[in-house]
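Student: Could we walk through this model together, one question at a time?
Tutor: Gladly, let's have a look.

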Amino acid sequence: VMYCSNVIKVFFFFFIIVFPNRGNSQGGLCPPNMDFEFGNFTNWQCRTGKVLATGGINNIDWTGTVQVNDRHTIIKASDAKTDLYGKFPEVSPNGKGYSVRLGNGDVYAEAESITYVYDIPVNTATFSISYNYAVVFQNPGHEFFEQPRFRANVYNVTDNVLIDCVSFDFTSAATLPGFKISSADPTVLYKDWTPVTLDLAVYAGKRIKLEFITSDCTFEAHFGYAYVDVS
């Protein structure tokens, strides 16, 4: 009897430590590899395509569904360099081991995306996602729908709606707030690492999708790429 009692006590202590109350703590809720700390794209969906201007609208024809080297690039902190145009580090300043470069300096009307889908537990009282991003693209002065572009979207997949208040779209333009002209090339605009925090607690019980998209200009002549790191 004494032996069984001690086993029960040990098990109860283990249960309390390893399985905290999800309603009061975000511990144990971290989506696996959303932060790229596996050093790869496990649990992320990678896509590639071609950006088009059709009827005055910027569209992407997605054709590839696998990770492509130099278009979906994992950057290890110990191997990171400085961005050629923005002169900022290729990894985010949050002190973590890996960041991602989405897109590249090629000019073939390329488009790339990465997406992560996660079910927020129904009994979660607090849930937030933080990420850092940096953007580099040329500003050729085309029509708005023909320009290089970076998009960060969050979807409520359960209800099939875009969460507007936490999604944004940067399209290359001379008057774009927060962007600077590159000292290496005056045709290039860049935005240094910038933090964003998304409070998604109201979506407990919902499936959400985090999506990042980069695209070149539609004339196959000017590039756009971005860096991303999720916490």
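**Questions on the fold**

Student: Is Lys206 buried, partly exposed or exposed?
Tutor: Buried means under 20% relative accessible area, exposed means over 50%, and partly exposed lies in between (1.4 Å probe, protein chains only). Lys206 has a relative accessible area of 25%, so the class is partly exposed.

Tutor: Before we go on, this is a predicted model, in which local features need pLDDT of at least 70, side-chain atom pairs count only at pLDDT 80 or more, and totals for chains, interfaces and linings use all residues. Residues are numbered from 1 along each chain as its sequence is written, and side-chain values use heavy atoms, with hydrogens and water left out.

Student: Which residue in strand 12 is the bridge partner of Tyr118?
Tutor: Strand 5 and strand 12 pair in the antiparallel sense over nine bridges; pairing requires that DSSP finds at least two bridges between two strands. In strand 12, the partner of Tyr118 is Ile208.

Student: How many of the 10 residues of strand 5 are buried?
Tutor: Strand 5 also runs antiparallel to strand 1 (residues 45–54), joined by six bridges, with Arg47 opposite Ser113. Strand 5 is largely enclosed by the rest of the structure, because the number of its residues that are buried is eight.

Student: Which strands stand at the edges of the open sheet?
Tutor: Six strands form this sheet, in the order 3-4-13-6-11-10, with antiparallel pairing. An edge strand has a single partner strand, so one side of it is left without a neighbour in the sheet; these are strand 3 (72–76) and strand 10 (180–181).

Student: At what distance does the side chain of Ser182 reach the backbone nitrogen of Ala184?
Tutor: Ser182 is in the loop between strand 10 and strand 11, and counts as buried at 4% relative accessibility. A polar contact is a pair of N or O atoms within 3.5 Å; within protein, one must be able to donate a hydrogen and the other to accept it, and residues adjacent in sequence count only if both atoms are side-chain atoms. For Ser182 and Ala184 the distance is 3.0 Å.

Student: The backbone oxygen of which residue lies 3.2 Å from a polar atom of the side chain of Arg101?
Tutor: Arg101 is found in strand 4 (residues 98–102) and is buried, with a relative accessible area of 14%. The backbone oxygen belongs to Gly103.

Methods:
Helices (H or I, at least four residues) and strands (E, at least two) are DSSP runs, numbered from the N terminus.
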